[in-house]
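Please consult the sequence and the structure alongside the text.

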Amino acid sequence: MLYKVLGVAAGFFTTFTTIMFIQSIGHALVPPPDDLDLSDPAVASDYIATLPPWMLTLVLFAYFAGAFAGPFVAKWLGGGSGKPYAFLFGGLVLAGTLYTVNLISHPAWFTITAVLGIPAAAWAGARFGPRRVVAAEAAAE
């Protein structure tokens, strides 16, 4: 049980740290204007409309990488099939993405790709994450 709790905590940390790290690279490559007020959805929507498509693709990559990394690490540390981790972390990333695209308008291709890609990335992370082997199981083999 402790391993599962550790796996969920590490998966949560990994998911959102991965997303923030990749997005910080994007902000370093294309820094937002100093006077940009992202708390205003209209201003944020106007700013997103000016971004080059590769920058939005980098944001999608950040979401996919986070949705992949969380279940991968959680399965590795927590054991099990990985499916609950995929639902948990993929669901969190997808919910956050849907909230963001509802609040701030994004191109349709971005939203469609996110809705299809985030669950696929979470499933892949859970599928390809290494399974933790308990010492008792290893001794039995």
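The lining of the largest pocket draws at least two residues from each of helix 1, helix 2 (41–50) and helix 3 (53–78). Helix 3 provides the largest share of that lining, with five residues. Helices here are DSSP runs of H or I with at least four residues, strands are E runs of at least two, and both are numbered from the N terminus. The model is predicted: local features need pLDDT of at least 70 and side-chain atom pairs count only at pLDDT 80 or more, while totals for chains, interfaces and linings use all residues. Residues are numbered from 1 along each chain as its sequence is written, and side-chain values use heavy atoms, with hydrogens and water left out.

**Pockets**

The space in the largest pocket amounts to about 370 Å³. Its lining comprises 18 residues, of which His 27, Leu 38, Ile 48, Val 59 and His 106 are the closest to the centre. Classified by residue type, this lining holds 13 nonpolar, five polar and no charged residues. In this scheme Ala, Val, Leu, Ile, Met, Phe, Trp, Tyr, Cys and Pro count as nonpolar, Asp, Glu, Lys and Arg as charged, and the others, Gly among them, as polar.

A pocket is defined on a 1 Å grid over the protein atoms alone, as an open set of points where a 1.4 Å probe fits, with protein on both sides within 12 Å along at least five of seven lines; lining residues have an atom within 4 Å of a point. Grid points are joined across faces, edges and corners, and the volume is the space filled by probe spheres set on the points.

The second largest pocket has a volume of about 150 Å³. Among its lining residues are Phe 16, Ile 19, Met 20, Tyr 63, Leu 92 and Tyr 99. Helix 1 and helix 4 (83–103) each contribute at least two residues to this lining, and helix 4 gives the most, with six. Seven of the lining residues are nonpolar, three are polar and none is charged.

**Overall architecture**

The protein contains six helices and zero strands, in the sequence pattern α-α-α-α-α-α. Its C-alpha trace spans about 60 × 25 × 20 Å along the principal axes. Of the 141 residues, 38% are buried; buried means under 20% relative accessible area, exposed over 50%, and partly exposed in between, with a 1.4 Å probe and protein chains only. The accessible surface comes to about 8200 Å², and carbon and sulfur atoms account for 73% of it. Among contacts (heavy atoms within 4.5 Å) with a separation of 6 or more, 79% join residues 24 or more positions apart.

**Aromatic pairs**

Five aromatic pairs occur in the structure. Rings of Phe, Tyr and Trp (its six-membered ring) pair if their centres lie within 6.5 Å; planes under 30 degrees apart count as stacked, over 60 as edge-to-face and the rest as tilted. Two of the pairs are listed below.

| Pair | Centre to centre | Angle between planes | Geometry |
|---|---|---|---|
| Trp 109 and Phe 110 | 6.2 Å | 75° | edge-to-face |
| Trp 123 and Phe 128 | 6.4 Å | 80° | edge-to-face |

Trp 109 has a relative accessible area of 37% and is therefore partly exposed, whereas Phe 110, at 1%, is buried. In the other listed pair, Trp 123 is exposed at 52% relative accessibility, and Phe 128 is exposed at 53%. Ring pairs also join Tyr 63, Trp 109 and Phe 110 into a cluster; Tyr 63 belongs to the lining of the second largest pocket as well.

**Two individual residues**

Thr 18 lies in helix 1 (residues 2–29). Its relative accessibility is 19%, so Thr 18 counts as buried. Beyond its neighbours within four places in sequence, Thr 18 is in contact with Ala 65, Gly 66 and Ala 69. Although Thr 18 and Gly 66 are 48 residues apart along the chain, their C-alpha atoms are separated by 5.2 Å.

Asp 35 is located in the loop between helix 1 and helix 2. With a relative accessibility of 70%, Asp 35 counts as exposed. The C-alpha atoms of Asp 35 and Val 59 are separated by 22 Å, the two residues being 24 residues apart along the chain. Val 59 is itself one of the residues closest to the centre of the largest pocket.

Note on methods: Accessible areas come from the Shrake-Rupley method with a 1.4 Å probe; for residues, only the protein chains shown count as cover.
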